[in-house]
Amino acid sequence: MLLAVVFIGAITSLAPTSDACAPQTMGPPVAGIPANYLALYRKAAADYGIPWEILAAIGSVESDHGRSTAPGVRSGANHAGAGGPMQFLPATWTAFGVDGNHDGRKDRYDPADAIPAAANYLRHNGAPTRLRTALFAYNHSNTYVDNVLGRAHKYKTTPTTNNRPTATTPPAECAEAAAITAPNETIAKIIAFAMAQRGKPYVFGATGPNAWDCSSLVQAAYKAAGLTIPRTTFTQWPFGVRIPNNQAQPGDLVFFNSGPGTSTNRPGHVGLVIGHGRMIAARCSTCRPAIGVEPYNRPDWTGTTRPIQRISQGHNNHT
């Protein structure tokens, strides 16, 4: 199996996250561009090979980086039927929309989806090698292309403001979590989805996409990789193949004797192992962050299971 490295510092939504490990910027600030949009432009640039300043220039022309109140930017559509901060037509969105924040939806009004979708569409049409051609496909106007290129040049040549980024040095665990080596692509997808939910609220019984509890989070993470596991902690515990605690690896589930009606044989809390002795878990409604990264080696750690092995064994039994 191929090793897959998961880079998990993605910006997950328009609103700032309360997770200290989630970067607010990926470089110096740029005058006129909101920090959350700038981070999305830079991430999409890294993912798709499109210059960030081109994406930023499109976002500037189309919606003033989401700040425009014109019809179609935040809901509905403009006179041509386009919608969202990057102004996608429905047919184009259907073909090139991206679930950038791994929440199970492709929403053209969500910049976390729309910005990588724009990069995806530009690359499909020849960018960055044939940039003018790709921009003309985005909007069939030479005036539009010249406008985008002019703004992009200004962003690139005068990139920084006089203000320094406000982000401070992240906790030590963030450096460990910043590059997780997953044993295969499936586990990489599971972890990537879970990490993209950081900063969202914990709500008991919630099943996403805006809030999760501990077991629905890991169930949805496995679903993001095309795998099905039970819904609740009580049913997840007997589902996976039991693994010695000292052999826990990324993708495994770790269970804890916490919460009412629980015991060492009936754990009530679950987290997803991401490596380096840490897990991501939906912890509690008053925790800050409610969904975040924390160590799993603690006194109430009941046991570890490997659902992937159970699923694999079940598949082999039917082939």
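**Sheet and helix packing in a predicted model**

F256 has H269 of strand β5 as its bridge partner. This residue pair belongs to a predicted model, in which local features need pLDDT of at least 70, side-chain atom pairs count only at pLDDT 80 or more, and totals for chains, interfaces and linings use all residues. Residues are numbered from 1 along each chain as its sequence is written, and side-chain values use heavy atoms, with hydrogens and water left out.

Strands β4 (residues 253-256) and β5 (residues 269-275) pair in the antiparallel sense over 4 bridges; strands are DSSP runs of E with at least two residues, helices are runs of H or I with at least four, and both are numbered from the N terminus. Two strands count as paired if DSSP finds at least two bridges between them. Helix α8 (residues 185-196) lies across β5, β6 (278-282) and β7, at about 115° to β5. Helix α9 (residues 214-224) also packs on the sheet, where it touches β4, β5, β6 and β7, and its direction makes about 45° with that of β5. Contact here means heavy atoms within 4.5 Å; axes are lines fitted to C-alpha atoms, for helices over the stretch in contact, and angles run from 0 to 180 degrees between N-to-C directions.

The open sheet itself has 6 strands in the order β3-β8-β4-β5-β6-β7, with antiparallel pairing. β3 (241-243) and β7 (291-295) stand at the edges with a single partner strand each, so one side of each is left without a neighbour in the sheet. On average, neighbouring strands are turned by 40° against each other, direction ignored.
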